[in-house]
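Please study the sequence and the model shown below before reading on. The paragraphs that follow lead through the structure one part at a time.

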Amino acid sequence: MMNITNELFQEFFRDNIEAVKKRLSMILKRKKDDPWLWFLKALIEMRQGLYNEALSAIEKSISLRKEFYEAWVMKGIILRGLKLYEEAIVSFNEAVKIRMNEDNYLDYEVEIEKAKTYIAMGDKSKTKQIINKILEINPEDDDIKSLLKEIG
(Lines give C-alpha, C1' and ligand atoms only; values in the text may rest on other atoms or scores of the structure.)
Protein backbone atom coordinates (compact mmCIF):
# COMPACT_ATOMS: atom_id res chain seq x y z
CA MET A 1 0.00 0.00 0.00
CA MET A 2 1.28 3.45 -0.90
CA ASN A 3 1.69 5.96 1.90
CA ILE A 4 -0.09 9.28 1.81
CA THR A 5 3.07 11.31 1.18
CA ASN A 6 3.95 9.32 -1.95
CA GLU A 7 0.36 9.49 -3.13
CA LEU A 8 0.33 13.28 -2.77
CA PHE A 9 3.61 13.63 -4.67
CA GLN A 10 2.24 11.51 -7.49
CA GLU A 11 -0.85 13.70 -7.66
CA PHE A 12 1.36 16.81 -7.64
CA PHE A 13 3.39 15.52 -10.59
CA ARG A 14 0.13 14.76 -12.42
CA ASP A 15 -0.60 18.50 -12.05
CA ASN A 16 -3.52 18.06 -9.66
CA ILE A 17 -2.15 20.99 -7.66
CA GLU A 18 -5.36 22.35 -6.14
CA ALA A 19 -6.51 18.90 -5.01
CA VAL A 20 -3.12 18.17 -3.46
CA LYS A 21 -3.02 21.57 -1.77
CA LYS A 22 -6.44 21.00 -0.21
CA ARG A 23 -5.60 17.47 1.03
CA LEU A 24 -2.18 18.56 2.21
CA SER A 25 -3.66 21.37 4.26
CA MET A 26 -5.90 18.90 6.10
CA ILE A 27 -3.13 16.32 6.56
CA LEU A 28 -0.64 18.85 7.94
CA LYS A 29 -3.07 19.64 10.76
CA ARG A 30 -2.64 16.05 12.00
CA LYS A 31 0.79 15.13 10.71
CA LYS A 32 3.05 18.13 11.35
CA ASP A 33 6.30 16.20 11.74
CA ASP A 34 6.78 14.86 8.20
CA PRO A 35 9.51 16.91 6.45
CA TRP A 36 8.45 15.58 3.04
CA LEU A 37 4.94 16.97 3.49
CA TRP A 38 6.39 20.40 4.25
CA PHE A 39 8.69 20.01 1.25
CA LEU A 40 5.64 19.30 -0.91
CA LYS A 41 3.86 22.34 0.53
CA ALA A 42 6.89 24.45 -0.43
CA LEU A 43 6.83 22.98 -3.96
CA ILE A 44 3.18 23.89 -4.36
CA GLU A 45 3.63 27.40 -2.98
CA MET A 46 6.64 27.97 -5.22
CA ARG A 47 4.79 26.68 -8.28
CA GLN A 48 2.04 29.19 -7.49
CA GLY A 49 4.55 32.03 -7.13
CA LEU A 50 4.04 32.33 -3.37
CA TYR A 51 7.72 32.50 -2.48
CA ASN A 52 7.38 33.76 1.10
CA GLU A 53 4.96 30.94 1.92
CA ALA A 54 7.25 28.47 0.15
CA LEU A 55 10.20 29.71 2.20
CA SER A 56 8.28 29.26 5.42
CA ALA A 57 7.30 25.69 4.47
CA ILE A 58 10.81 24.70 3.38
CA GLU A 59 12.30 26.10 6.58
CA LYS A 60 9.82 23.97 8.55
CA SER A 61 10.90 20.95 6.50
CA ILE A 62 14.57 21.62 7.26
CA SER A 63 13.83 22.17 10.96
CA LEU A 64 12.38 18.65 11.04
CA ARG A 65 15.31 17.10 9.16
CA LYS A 66 18.53 19.14 9.22
CA GLU A 67 20.35 17.01 6.64
CA PHE A 68 17.52 17.19 4.07
CA TYR A 69 19.49 17.62 0.86
CA GLU A 70 16.53 18.26 -1.45
CA ALA A 71 15.06 20.83 0.93
CA TRP A 72 18.32 22.80 1.03
CA VAL A 73 18.38 22.86 -2.78
CA MET A 74 14.77 24.04 -2.89
CA LYS A 75 15.47 26.66 -0.24
CA GLY A 76 18.19 28.07 -2.50
CA ILE A 77 15.83 28.17 -5.48
CA ILE A 78 13.14 29.89 -3.39
CA LEU A 79 15.64 32.42 -2.04
CA ARG A 80 16.82 33.14 -5.58
CA GLY A 81 13.17 33.72 -6.52
CA LEU A 82 13.00 36.24 -3.68
CA LYS A 83 16.22 37.86 -5.00
CA LEU A 84 18.06 36.91 -1.79
CA TYR A 85 21.04 35.73 -3.77
CA GLU A 86 23.71 35.50 -1.06
CA GLU A 87 21.37 33.44 1.14
CA ALA A 88 20.56 31.24 -1.88
CA ILE A 89 24.26 30.50 -2.38
CA VAL A 90 24.56 29.59 1.33
CA SER A 91 21.67 27.11 0.92
CA PHE A 92 23.17 25.56 -2.20
CA ASN A 93 26.53 25.22 -0.42
CA GLU A 94 24.79 23.50 2.49
CA ALA A 95 23.20 21.06 0.03
CA VAL A 96 26.62 20.35 -1.49
CA LYS A 97 28.08 19.75 1.98
CA ILE A 98 25.28 17.32 2.88
CA ARG A 99 25.64 15.38 -0.38
CA MET A 100 29.41 15.16 0.01
CA ASN A 101 29.06 13.97 3.63
CA GLU A 102 26.39 11.39 2.77
CA ASP A 103 27.56 10.11 -0.60
CA ASN A 104 30.94 11.76 -1.30
CA TYR A 105 29.31 12.93 -4.50
CA LEU A 106 29.16 16.37 -6.13
CA ASP A 107 25.72 16.79 -7.65
CA TYR A 108 26.38 19.11 -10.54
CA GLU A 109 22.67 19.98 -10.70
CA VAL A 110 23.21 22.04 -7.53
CA GLU A 111 26.18 23.68 -9.20
CA ILE A 112 23.90 24.61 -12.10
CA GLU A 113 21.51 26.25 -9.62
CA LYS A 114 24.45 28.16 -8.12
CA ALA A 115 25.52 29.27 -11.60
CA LYS A 116 21.97 30.52 -12.30
CA THR A 117 22.12 32.47 -9.06
CA TYR A 118 25.45 34.06 -9.95
CA ILE A 119 23.99 34.99 -13.35
CA ALA A 120 21.07 36.68 -11.56
CA MET A 121 23.64 38.51 -9.41
CA GLY A 122 25.51 39.63 -12.52
CA ASP A 123 28.69 37.79 -11.48
CA LYS A 124 30.01 36.32 -14.73
CA SER A 125 33.36 35.38 -13.20
CA LYS A 126 31.89 33.04 -10.57
CA THR A 127 29.40 31.74 -13.12
CA LYS A 128 32.25 30.79 -15.46
CA GLN A 129 34.15 29.09 -12.61
CA ILE A 130 31.15 26.91 -11.84
CA ILE A 131 30.48 26.18 -15.50
CA ASN A 132 34.08 25.03 -15.96
CA LYS A 133 33.72 22.72 -12.94
CA ILE A 134 30.51 21.25 -14.36
CA LEU A 135 32.04 20.79 -17.80
CA GLU A 136 34.70 18.58 -16.21
CA ILE A 137 31.93 16.37 -14.81
CA ASN A 138 29.52 16.44 -17.75
CA PRO A 139 30.65 18.31 -20.88
CA GLU A 140 27.43 17.47 -22.78
CA ASP A 141 24.90 18.92 -20.32
CA ASP A 142 22.23 20.96 -22.13
CA ASP A 143 21.67 23.27 -19.14
CA ILE A 144 25.35 24.24 -19.23
CA LYS A 145 25.17 24.97 -22.92
CA SER A 146 22.24 27.34 -22.34
CA LEU A 147 24.04 28.99 -19.40
CA LEU A 148 27.08 29.57 -21.60
CA LYS A 149 24.86 31.29 -24.17
CA GLU A 150 23.28 33.37 -21.41
CA ILE A 151 26.59 34.79 -20.20
CA GLY A 152 27.97 35.26 -23.68
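Two residues are said to touch, or to be in contact, when they have heavy atoms within 4.5 Å. By this criterion, Arg65 touches Pro35 and Trp36, with residues up to four places away in sequence not counted. The model is a predicted one, in which local features need pLDDT of at least 70, side-chain atom pairs count only at pLDDT 80 or more, and totals for chains, interfaces and linings use all residues. Residues are numbered from 1 along each chain as its sequence is written, and side-chain values use heavy atoms, with hydrogens and water left out.

Arg65 lies in the loop between H4 and H5. Helices here are DSSP runs of H or I with at least four residues, while strands are runs of E with at least two, and both are numbered from the N terminus. Arg65 is partly exposed, because its relative accessibility is 33%. Along the chain Arg65 and Asp34 are 31 residues apart, and their C-alpha atoms are separated by 8.9 Å.

Consider next helix H4, residues 51-64. The expected span of a helix is 1.5 Å times one less than its number of residues. Which residues of H4 are buried? They are Ala54, Leu55, Ala57, Ile58, Ser61 and Ile62. Seen down the axis of H4, these buried residues fall within an arc of 170 degrees, so they line one face of the helix. The arc is that of the directions from the helix axis to the C-beta atoms.

Helix H5 has 13 residues and reaches 19 Å from its first C-alpha to its last, close to the 18 Å expected at 1.5 Å a residue. H5 is mostly covered, as 10 of its 13 residues are buried; among them are Tyr69, Trp72, Met74 and Leu79. These buried residues pack against H3, H4, helix H6 (85-103) and helix H7 (108-121). Gly81, also in helix H5, counts as partly exposed because its relative accessibility is 36%. Just after H5, Lys83 takes a positive phi of about 65 degrees.

The packing of pairs of helices can be described by angles between axes. Axes are lines fitted to C-alpha atoms, for helices over the stretch in contact, and angles run from 0 to 180 degrees between N-to-C directions. H2 and H3 pack at an angle of about 140 degrees, with their axes 10 Å apart. This angle makes H2 oblique to H3, because angles under 35 degrees count as roughly parallel, over 145 as roughly antiparallel, 65 to 115 as roughly perpendicular and the rest as oblique. In this contact, residues of H2 including Val20, Leu24 and Leu28 meet residues of H3 including Leu37, Leu40 and Ile44. Glu18 also belongs to helix H2 (residues 17-30), and with 54% relative accessibility Glu18 counts as exposed.

Helix H8 and helix H9 (residues 142-151) pack at an angle of about 155 degrees, with their axes 11 Å apart. H8 is therefore roughly antiparallel to H9. The contact involves residues of H8, among them Thr127, Ile131 and Leu135, and residues of H9, among them Ile144, Leu148 and Ile151. Thr127 lies in helix H8 (residues 124-137) and counts as buried, because its relative accessibility is 0%. Thr127 touches Ala115, Tyr118, Ile119 and Ile151, again without counting residues up to four places away in sequence.

How is H7 placed against H9? H7 and H9 pack at an angle of about 15 degrees, with their axes 11 Å apart. That angle makes H7 roughly parallel to H9. On the H7 side the contact includes Ile112, Ala115 and Ile119, and on the H9 side it includes Ile144, Leu147 and Ile151.

Note on methods: Buried < 20%, exposed > 50% of the residue type's maximum accessible area, 1.4 Å probe, protein only.
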